[in-house]
Amino acid sequence: MTATTATSPAVDDERADLLAELAAARAALITTTRGLSDEQAAARPTISALCLGGLLKHVTNVERSWMRFVLEGPSAMTLELPDGVTWDDFMAGTAREYPQWAIDRQQEFQVLPGETLAGIVESYGQAAAETERIVTALPGLSATQPLPEAPWHEPGGRHSARRVLIHIIAETTQHAGHADILRETLDGRSA
């Protein structure tokens, strides 16, 4: 994947700046994986459960999920709990059953059998292209959508497309920092 920025003359300065910042954050994250084998991308070299391939999968899914939210609203982020499970149970780790979305979220931090670093990077590139297409096509960045109900969202909260982009940038840069630590631990190289 290469860093790109929207070059369409229809893209206003604010969108161009946000997309350029996101592209730079993506590039910083991708750089940490250059020259790694699939096994190294799946390795967990620190006490945490994080691996470089898993970080890429996570930010890919975060970006896709939030872009669907921009287009579809809270229905794009299904956060339903199984019958009889409360948010308190879920957050405390004492739920008798966990929803599939939570299981999927845990698996996004892992490189699963059959996954390759090249495939993960390609998927990230596809998500990036889709984000740029969506952002470029939006009539503006100020329209809001209500957030789905979840303990980590403010009750009755709303996010604009602008705020979603800022969140994606923050999430990507945060994980690029994690990736630097993982890469340095793997082979002593820094991005």
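Which residues does Ala161 touch, not counting residues up to four places away in sequence? I will start there. Ala161 touches Val70, Leu138, Leu141 and Ala143. Please keep in mind that what we are looking at is a predicted model.

Ala161 sits in helix 7, which covers residues 161-187. Its relative accessibility is 6%, so Ala161 counts as buried, the cut-off being under 20%. For a sense of distance, take Glu80, which is 81 residues away from Ala161 along the chain. The C-alpha atoms of these two residues are separated by 23 Å.

Now the whole chain. How many helices and strands does the protein have? The count is seven helices and two strands.

Next, the overall dimensions. The C-alpha atoms fill a box of roughly 55 × 45 × 25 Å, taken along the principal axes. The radius of gyration is 18 Å, and this agrees with the value near 16 Å that a compact globule of 191 residues would have. Of those 191 residues, 42% count as buried. The accessible surface comes to about 9,900 Å², and carbon and sulfur atoms account for 52% of that area.

Contacts can be sorted by how far apart the partners are in the sequence. Among contacts with a separation of 6 or more, 71% are between residues 24 or more positions apart.

A word on charge. There are 15 positive and 26 negative side chains in the protein. The centres of the two sets lie 2 Å apart.

Let me move to the aromatic rings. The structure holds seven aromatic pairs. One of these is Trp87 with Phe90: the ring centres are 5.5 Å apart and the planes stand at 90°, so this pair is edge-to-face. Both residues belong to helix 4, residues 87-92, where they are three residues apart, or about one turn of the helix. Are they buried or exposed? Trp87 is buried, and Phe90 is buried as well.

Another pair is Trp101 with Trp152. Here the ring centres are 6.3 Å apart and the planes are at 65°, so the pair is edge-to-face, for which the angle has to be over 60 degrees. Trp101 lies in helix 5 (residues 100-107), while Trp152 lies in the loop between strand 1 (144-146) and strand 2 (158-160), so the pair ties together parts that are 51 residues apart in sequence. Trp101 has 15% relative accessibility and counts as buried. Trp152, with a relative accessible area of 40%, is partly exposed.

These two pairs belong to one cluster. Ring pairs link Trp87, Phe90, Tyr98, Trp101 and Trp152.

Where is Thr33 placed? It is in the loop between helix 1 (13-31) and helix 2 (38-42). Thr33 has a relative accessible area of 5%, so this loop residue is buried. Leaving aside neighbours within four places in sequence, Thr33 is in contact with Leu52, Leu56, Leu117, Val121 and Arg183.

To recap, we looked at Ala161 in helix 7, at the ring cluster that includes Trp101 and Trp152, and at Thr33 in the loop between helix 1 and helix 2.

Definitions and conventions. Residues numbered from 1 in each chain as written. Predicted model: local features only at pLDDT ≥ 70, side-chain atom pairs only at ≥ 80, totals over all residues. Heavy atoms only, no water. Helix = DSSP H or I, 4+ residues; strand = E, 2+ residues; numbered from the N terminus. Rg over C-alpha atoms; globule rule 2.2 N^0.38 Å. Buried < 20%, exposed > 50% of the residue type's maximum accessible area, 1.4 Å probe, protein only. Contact = heavy atoms within 4.5 Å. Areas by Shrake-Rupley, 256 points an atom, 1.4 Å probe, with all protein chains shown as cover. Lys, Arg positive; Asp, Glu negative; His and termini not counted. Charge placed at Lys NZ, Arg CZ, Asp CG, Glu CD. Phe/Tyr/Trp six-rings, centres within 6.5 Å; stacked < 30°, edge-to-face > 60°.
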